[in-house]
Structures are given as structure tokens and as C-alpha cells.
Amino acid sequence: MKEVCFTIDGREVTVPEGTTILEAAKSVGIDIPHLCYDSRLEPAGTCRLCVVQIEGRPGLTISCNTLAAEGIKVCTENDEIAAIRKTVLELILSEHRVACTSCDMDGACKLQDCAYRYQADEGRFGLPERRPVKPNYATNSEAILYDPDKCILCGLCVRYCEEVQKAEALAFAGRLGQIEVSTAFGIDLHKSSCVLCGGCVEICPAGTMLDRAAIGKGREKDLTRTRTTCAYCGVGCQIDLNVDLKTNEIVHVTSEVGCIPNNGNLCVKGRFAMDFVASKKRLASPLIKRNGRFEKATWPEAINFIAERLTKIKTQSGPDSIAGLSSAKCTNEDNYIFQKFIRAAIGTNNVDHCARLCHASTVAGLARAFGSGAMTNSIDELKNAGCIFVIGSNTSEAHPVIALYIKEAVAKNGTHLIVADPRQIDLVRFAELHLPQKPGTDVALINAMMNVIISEKLQDSDFINDLTEGFSEFANAVKNFTPEMAEEITTVPAEKIRQAARIYAGASTASIVYSMGITQHTTGTDNVLSLANLSMLTGNVGKESTGVNPLRGQNNVQGACDLGALPNVYPGYQPVEDSKIQAKFEKAWSKELSPNKGLTVVEIFHAVETGDIKAIYIMGENPALSDPNLNRTRKALETVDFLLVQDIFLSETAQYADVVLPSVCFAEKDGTFTNTERRVQRVRAAVTPPGQSRSDWETICDVSTRLGYPMSYDSAGQIMDEIASVTPIYGGISFDRIDSVGLQWPCPDKEHPGTKYLHKGRFTRGKGKFHTVSFKAPAESPDAKYPFVLSTGRQLYQFHTGTMTRKSAAINQVSPTGYVEIHIDDAGKLGIADGDKVEVATIRGKVSTLAKVTKNIEKGWLFMPFHFYEGPANMLTIDALDPLAKIPEYKVCAATIQKQGR
Amino acid sequence: MRETRVLTRRVGKYEPLDLKGYKADGGLVALKKALAMGPESVIEEIKRSGLAGRGGAGFPTGPKWAMAASEKQGQKYFICNAEEGELGTFKDKVLLDGDPWMVLEGILIAAYAIGAEQAYIYINGEYDHTVALWERLVVEARKARLLGDGILGSKFSVDLQVVKGKGLYITGEEFALISSLETRRAASRLKPPYPTEKGLFGRPTVVNNVETIANVPVILANGVEAYHKLGVEGEPGTRLFSISGDVKESGVFELEVGSGTLAEFIDEFGRGTASGRPVKAVQPGGGTSAFLARASLGCRLTAQAIRQAGSGIGTAGVIVYEEGNSAVDIVKGLLEFYGSESCGRCAPCRIGVVRMREIIEKVFQGEGTTEDLEQLRQIGKACVEVSTCGMGQSFPLPVLSALELFPQDFEVAIGKVSA
């Protein structure tokens, strides 16, 4: 990149071409004042404070929109500039009700900082008149407060909403003297297109927009800031918990611009859904169920009780009669210790976790095709992709911050976006092409795209010849799979499939982004293999801004897999059935280990029915709401001889337990999460936990010790050191190395800088392998009695089974309860109006919920979010499994819907 | 001193919708020439002519077109700015109503030169008659194949949309106009990027004033050499001057650039001051231009001479104030107008104009202090120095010049000296 050299305040500065004077000054520690600049936004130059003098140019120049040029001499401050800045600030203060004495932002306010620096007199041009008190767009919002008397109309919030979040909820209303920030027509914020990211609150430089729940709960000087990793979803946003140590309360959540991977951007959950931490419903002591009722117990009582029951079952029925469900919500350290406990202390490989329900097919499929089952590339690379193909991912709702990168790619860099999704999801607004495939027909769609690529000779033959195997057999198989055939199956017009193939294959770099729309099928592994085929066919793997990128659902589902909370592999995907590996772990753990792979989640519950499983140890999972075909799952939870649940709440699952142990949540413990781009990041304790709750790994160590396999660690960091010693892909990870920025595995040794993208020049398995995949219909098809196709999934405001998110007032306002989406025509035929109470039924069960009548779904299809205990979608879902990955088909089953009386 | 009617020579000579009348009097000659020359040559001719914008800023027209023309792909737009909201300025209306076909011919040539297939004319929301006339004109022009596909049988296609302004002064500023056309809030934007790079809907766009565009057919029809015979070195051609204020006769007059002095213009075309008292002050370039005192009225009617005298030619809207007016009253009147016209985007202009309005009101009421006058100077200077667009950079100029030229009026108002 070309550089320019110039002078600021007498100092020589060299910066890349295209750097503004403001940014250049910042890079050398010269602080030019500003109130409307943010590195994430286009310069607006509305505050006019950043003016500088450039030698030889007339007048003053604003530095936020002027590029550094070779040889120029810039003066950032002299008497004239300071005087003008002071006057402008005094003008701004004449519009700002100065209320620093009672303002939450006192000490963290940019306007205050500037006014102090220039000793601006707030009354110089008169104090602002108080506006008549009248409701504004945020008056009824549970999340945000807006005070027009303090607003300096810098526009940062409006621009953030439009340019970064692209929600376009905020705008200016009114003319001179009465200008205010508002929504369209002044409608309530929670009824507008706002997605509650809270970016407006954080970007506000003048304390005008406030986090409503935080008002009066502490100023900058009262709060202690702890950097940690968000516990919602796999993006792994870096957040700062601002805690009042006196009250032990998280007052509000912020995030720093420039942090990896989220650059200061958050979604509603990270910003507004921390209420659960201080919830009065948190478990505070161990509970033992006696005569059908929970009674409080001491830790020694509980541990003894557990040890006796587990020992008895193990002795009578053998170690394979016990199973453990580890947790994608817990840390890497918790997961490592949990699987070590199940494997070494119990002696079985019956350990699995909810990755089985989300991305088991990714792990299975990508391991077969590439040799490594994780996101191949990094989040940041999406911005520069020539084409992004999003299939089966409602990114804006499930991975909101990654969606920002995709939107930025389209808006700023002209990236071609193709979205394949049965619904008119938010990303479709930005897409060049939308392919609304019928649920469960992805293989047909992708095969036809590859048919077009091969028949139009758009493939990357050098890549195929040099780096892959199995091409000719595969090519023969898709040769006959024409777009017209695919149209019959998918309902997507053949011409659109052709266009998609041409755009994808024609792009300089093309990145595939997918999620559970691909994986949660009986053909989940096939779907993943098809995407792997597509990427290899066009040479879009092993290079920057390409790849096959599964977006992992939960905060640490990547880490839970990495650390071996799977029945077939030890930490680092080392197979349990490989005797050399088994020997290695037997040596490391000083214990004989089982050579047989264990059962998967749904298999464990089915094995309860046959009596093969007698005890289940569940850490931080909620299968009583999250697993398919709930009637069957709940029956198993009820009938299993011994159920031990470790959680932060008395979840739906915990209610079935014999013993419940209270855990600390992410904000109360140290450890690491691994995000979807394989980045191992720190989790740090910010508040003290309630009652007698303890960190998961400590509890497990105690149970293990009591069972005769002693485990003891001083800290989470010490566990990570043990992980590094037995897990080659984590070999170079340690707490001190990831203190400020996380590292991406594989990171084999202490000098290794981490891996931005996988398979560079060579696939992990050697050669990339093409697989021949033929289309198979979903397990269940609509019929006369159940004429609709029902899909389930996530929505923006909730996480998993809602145990955490549903404790937030801001979230409850916008997402009070569950619903089923139905096309307006179908609703019309059935006499269903928006908001009506309806009954949705499948052959497995029925639930009551509310109808959401929409045009964003195709006729004949229904969609339900799964987060809600009232009207749980998983009463309806089918527990048919993918034969390889054992993932259930959450995305397709046959259903019927009818109106219920009010 | 006499009028030189080049741009206005047909005004009143034909019925405004009568295309035949226009053609019979030399109309469309320039367009036909332009279509034969090709776009690059047209731009070259306009560059060579030295034509500069007549909307206030005086930016050279040819280079502006060349910037937009350099983008070879995709949609481009031409916008004729007929907002004409500046105080004391009503010259564009004369052309729009009196010789609309010439303005249209200019628009067509400009669109052809830059490669725009869609043009807009954004007309002042108070010019009801003009808007109605232009809506009918567009219908006539389509019938005559002057708009639509294949203009005059060529391969060039363009359409024109007539847009009625929203009654906001600021929409005379090009980016505010563009925002308004985009149905967004009418507000200026940061430059760069300029409209020629990222204008309407993010595409290259040329915005030209009505009088500017009316020069184009004249230059092409008569040739650059003929055009250069009028005017002075560096400022060729004629210019439409509006005159109003304390004069016996208001009106619009077309003068050869540099043909006389300001004093002569006031005497001969305004027929002197309304009361016969001497002139106290003049704003030569519309309501945002600095005052010139009587001593400066000997300056010639060129942009350069007026600039040297301490003001600007702006829109050439000459506003005359006779002795007997207090500068405080005049400035109060101006700030009452501008005080509600800032788009509100930038802090100094948005707040400064309101604070200055409040302060002058206080001074006018006899409650002002020396500190108030100092505040007017400080706020005014800050706005001029750091504002984004022409509005903020210029509305304080009459205030600042009044404080300098007529300090006594202010001192009387604050009671420091008696009248």
C-alpha cells in the first residue's frame, strides 16, 4: 500500500494513503477534538470542531474528511483555532441542558471532555430553554431514554442506525429550533424497525441517549469495567461489563470500538440481556429431591448423595449406563473437565452436548471433505469477499454482528450477495438474488448450481487437479442434475439457479455462510458435503475471503466440540477409537479409558427407554425444551433412575432432576470461550456469584474426587495449560497470550500466531475430497392431515430456551411470547388473523401459540421460534436423525394449524 | 449605460408554450449543433467559453461538466436549479417564464454533454405559475420529440421531470436540493465527494443554475468568439441583475459584465432611491452578501471589482438601502429570514443563526450590550470560518460588515451613544 509522509504540529508522520488527517493525528497520539466522528461511519463533519490549518490553504479545513497528502504541513491547534472551537462549543452548550450533576455519563461524556479542554462557558450564549415536556419516540421504550433537551444533534446515532446497523429506525424530525431525533412518524421505538442493538446509546457523545435500566445506578467513577466475552451466540463479541462493586450489579454493557471481532458493535442480547445475572431466581444452594419435592442441601450432603447413586449404578450396570451432557454455554475449561470426568472417573465415552443438535453435521461433513470441522475463514474476511452465498442462515437474527459485516460488504465494497432461504429474511434486503428453496431441498439446489458451473465450464480446474480428489465420479453424478430438475424439487426457478451459479463461480473470491438451515436435517451431512463440493469446484477454499463458514450457534459450541464433549473424540478431535490416542490420554490422565465411542444426545434419551442408560449428568443444558419430540424426551428425563443437573436456574430440565447443583454464570467465572471463527477468548469474573453457587469445573472436580478419581486445579488458567498439553490445535494457547486479543486455532505452539484461515495450499486431510451426494427427501412430508411444512429456529431477541434472555425487560417488551409465522393467503383460507390464538399440531404433539401473519414466508410453510416454554415448538418437531451426524431434523416436519377460540 | 439583451432577447417575444415561435427566432440551432459535435466537443466549447455559474458560487461550468462526464458507466443526472430562494433575487423567473424553451434547450445540451438520461428541474415552491407552465412545457416537448427517446432523431435520449420545491431556502444549496429530490431531509452534505462524483442517488450529477444553463445555447449558437466579445477579461458575457429595496423601480436587467458601476446601475435602472435620500448601503449579491457603503458604489459590475470592494457578486441581486435606515433594523430583518432557514446539520450554522437572531432582537429592543455585539462578531466569524455549505459561510457576512461599516447604529441601539 502506498504511504504518504507529512507533518502534524511539527512531527513527521507516515500513514497509508487514504488516511484522514484526524486518523493520522490519532495514530501518533495527537487528539483533535470532535463530537461527530466514529471510525465505523462515513465522515459527516457536522460538529466542525476538528478544523485544522494546512499551510498554504485558505481558511480552516475539517480534518475528519480531509486526506493526508504528501508534504503538507498541518497545525492542529493555535490561538485562532482554539478560539473558534471554544465559540462552537459554547454554541453547542447553548443547545444542551447541562446536567452533569445528575447525569449517568458524567466522566464518560465527550462533550464534557471538550468543554473542559477549552474551558467553554455553558452560559455564554444563554442557557437552553426547556422544551415543553411531551412524549418522544423512546418515552415508552424499556431499553432506551432520549432527552431532546440534551441532544446536540451531532447525528451519530442516526448515522450509526443507518450506516452500520442498517435498521434505519432513527432520523431527524422537525426544523430549526425544534429538531429532534425520532423514528418515522414518531412511532414508539419498540414498534419501529429498531433492532435494539443499543449502538445509539453507546455512540452518543452527550448523555442524550441512555440505557434506561442503568439510570441513576452509577457514573464512570462508580463503575469498574471488566472485559469479557459475550455469552450469547458464537460470534464472541468482546464486551465490557460495567459493574458497581458496592452493589455487585452489572449496571450496563459497553464495547470498545476497534476490538476483535465485533469492533464495538453489539446486538440486543449482549447489550440489554444481562438482567439474568442478578436475577432472584438464580440457584443459590444445592437441592435434593425428596418425596417429589426439592429440599435445600449442603454441598457435602449433595456430593455424597451423588457419589453414592453414581457408584451404585456404575457398580450394578457398568460405566456405559451413565451418560453426561456437557454444555456449549460453559467455558472450555468446564467442558474439558466434564469430559475428563465422564471418560476417566466414570469410564465411558457417553458424553455429548447440544452441538449434536446444531452443527454435528458440520463437524461430520467438513471433517470428511476437508479434514477439519470448523469455520474455514475469519469473520473479518467477509467484508472483502467478491461474493457471499448465505444459505440456511438467518444471520441478522442468529448472528447479528456477523450480519453487519455482510451488509457492510454489500454496501461499501459491492459484494454480490446471494441468499438462499425459504423465508424473506432481513438479509434479502441486501441480496442481489434470493432463492426461496422449499425446506429440506438444499442438496438439489446446490447440485444444480454445480451442474451449471460444470456445464458452463466455470470451475477452477487447476485447483481441482492439484488439491482435490474424487472429482470425476462427483462430476458424473451432477452431470444430469439440471436446474430444471432442481426447480421441480426446490420450487426455485431454474434461471435463478443459473444466475446464482454464475455469480458465485464468477466472483474473485466467494464465501459460503451457512447455519442450521443446512445442518438440522436428516440430510444435514449431505448438505454440508454439497457446500464443500461447491467451494472446491470453484477453488474457493484455503484463500482469504473464501471458504465454507458454518456460523456456530452458542457462545462456546465451538469450544465444547474442540475440548472433546463429543462421544467419538478426545479434545482436539482425536478419535477415541484410535488406540495410540487412547494410550496417550491414558498416560496423561493416569487412568484406563474406554475404547468404544459413546452415545449421542438423542441416542442417550432413547437408551433410557431401553434401560441401557440409568443415570444422566447434565451441565447447563435444557433438553426438556431444546430437544426434538419433547413428549418423548421429557418421558426419558422423568424415568431415568438418576438425573443430576447443574445449572444457574431451575430450568425445565432441572425440575426433573434428583439433584440440582447451583453454578456460577459467565460473568462470575474465569475461563475461555472459542468463537465461531476458532478464536479462543478470555472470559473474566466481573461480579461475585449468588449464595453457594460454584464454578462448574470445581463442582465436577469435587464429585470426581469423591468418586475416587481425584481432580484439583488452582485456576482456570491451569486447566488451559493441561488442555494445551494434550490438544495439539490448542498447543500454543495460554491465558497470558490471549489476554488482550484471542488466538485462532490451530495454534500448535507458543510462538504460533494462530490461523486466520484453514487449508491454505493443502487441506487438513491432505487432498480435499469431493463426495457424490444425491437428493433425499426429508423424513416427513406433508399429507392431507398435516398439510404444512413446519420449520423451527431462532429469533433475534431470544437465546436458546430463553432462561437468560427472558429476564430482560427490554427484551420482554419486544418479544413477549412465541408465535408461528404463516403466509397471509394460508391464514386467510383458515380464517386466521394476525395475533390470533392458534393450535399447531403434528403427529407427535400440539401446542397453542399466536399467529404471525406475514408475506415473508412461502405459502404452505410455517415457522416457529423454539425459545418459549409456553407453546414449545419442540413438542412438534421430529426426532428423525441424520444417519452419520445423528442430528435431528428440526427444520422439516409435517404440521397442521387451526384457529383457537380467544 | 444600457441593457444588452442576449439571454433575455426573446423574453416576451413569443407565447411561452409556442415552440414554433421559439424555432422561428433561432431556437434549437444550438441543440442541433451540439448533437452533431458530440459530447466531448460540447464540453470543450463550454470550457473555452469561460462560462461560470450564476447561482452564487461562480464555479466554472465546463470543468464541472467534464468531471461528471468522466464517469463513463451507469446512470448520471442533470439538475437545473430553479429554486431561486436568495433574498433580492428573481432573475431566473424571468427566463423560466419568458423564454422557457431556451432553458430547456440548455438542459438538453447539458444532459447530452455529460451523458445523463434523466434530468430534473427543481422550481421554487412559490413559483406556482412557473411550475404549471413547465409541466405543460414538458408535455409539449415530449410531443415534439424534444424529450423521450431519440431526441431530434438522434441516438440521444433524455427525460425531464418538473419538481416543485418544498418552500425551503436551503434547497437552493445543491446537496440539500439533491436530498430533497431523493425524498430525504433537505440538508447539505460534506464535500468531497462532490455531486459530480456522488450526487443524486449516489450517481454523478451536475447541478446548474437556470441563468447558467441559459447561456449554453447562446454560446453554442453564436460561437465562443462572439460570446467573448461581451464582458471583461475573465468574465465574459452578460449577467442578469435584479434590483430591489429602497429604489423607485425594481426589476431584472441584463447587462454586459462590467458595463457600468453600481452607482450608475442604481440611478439608471432603479431610478434612484425611493425617497431621494442618498444610498446608505447596498448588498450587491443577494441577502447573504456583505454590505457596501456609499463610498464603494463606484465599483464596476464585475465579480472581481465587487470582491475587491469587500463583498461578492453572488446571485447579482442588488438590494439598496437608503439613508434613514438603521443597520440594526436591516440586519434584524435579514436574520429573521435566515434564522429559520439553516438545514440544522452543522452545529455552528444551526445554533449560530438562531443565537444571532436572538441577540439582534435584544439589541433592537434596546437591551443590548457591548458584549452582545462582540458575541455577534464571534459567532459570525466562527460560522464563516467553519461552516460546511454556502449558507453558514455567508449569512453572517452582512452582519459582520454592518458592524464594521456602521458601528454607530449599533452603539445607538445599545444606548452607548445617543442618536
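Predicted model: local features only at pLDDT ≥ 70, side-chain atom pairs only at ≥ 80, totals over all residues.
**First stop: the contact between the chains**

Begin by displaying chains A and B together. The contact draws on 24 residues from chain A and 21 residues from chain B. On chain B, select α14 (347-364) and α15 (370-386); each of these helices supplies at least two residues of the side that touches chain A. The largest share of that side, 7 residues, belongs to α14(B). Colouring the chain B side by residue class gives 9 nonpolar, 7 polar and 5 charged residues.

**Second stop: a helix pair in chain A**

Next, select residues 332-346 of chain A, which form helix α8, and residues 716-726 of chain A, which form helix α26. Two packed helices are described by the angle between their axes and the distance between the axes. Here the angle is about 60 degrees and the axes are 9 Å apart. The crossing of α8(A) and α26(A) is left-handed.

To inspect the contact itself, show the side chains of A:Asn332, A:Glu333, A:Tyr336 and A:Ile337 in α8(A). Their counterparts in α26(A) are A:Ala716, A:Ile719, A:Met720 and A:Ile723. By class, the residues of this contact comprise 6 nonpolar, 1 polar and 1 charged.

Turn to chain B and bring up the open sheet of 4 strands, which has the order β3-β2-β1-β4 and parallel pairing. The strands at the edges are β3 (159-164) and β4 (205-209) of chain B; each has a single partner strand, so one side of each is left without a neighbour in the sheet. From one strand to the next, the twist averages 20 degrees.

Within this sheet, select β1 (residues 77-82) of chain B, which pairs with β4(B) in the parallel sense over 5 bridges. B:Phe78 can be found opposite B:Val206 in β4(B).

**Last stop: a hairpin in chain B**

Finally, select β7 (residues 238-245) of chain B together with β8(B); the two strands run antiparallel and are joined by 6 bridges. They form a hairpin, with 5 residues between β7(B) and β8(B). Across the pair, B:Ile243 stands opposite B:Gly251 in β8(B). Is strand β8 (residues 251-256) of chain B mostly covered or mostly exposed? Strand β8(B) is mostly covered, with 5 of its 6 residues buried.

How values were computed
Residues numbered from 1 in each chain as written. Chains lettered and ligands numbered in written order. Contact = placed C-beta atoms within 7 Å. Nonpolar A, V, L, I, M, F, W, Y, C, P; charged D, E, K, R; others polar. Axes fitted to C-alpha atoms, helices over the stretch in contact; angles between N-to-C directions. Left-handed = near helix turned anticlockwise from the far one by under 90°. Pairing = 2+ DSSP bridges. Buried ≥ 20, exposed ≤ 12 C-beta atoms within 10 Å, placed from the backbone.
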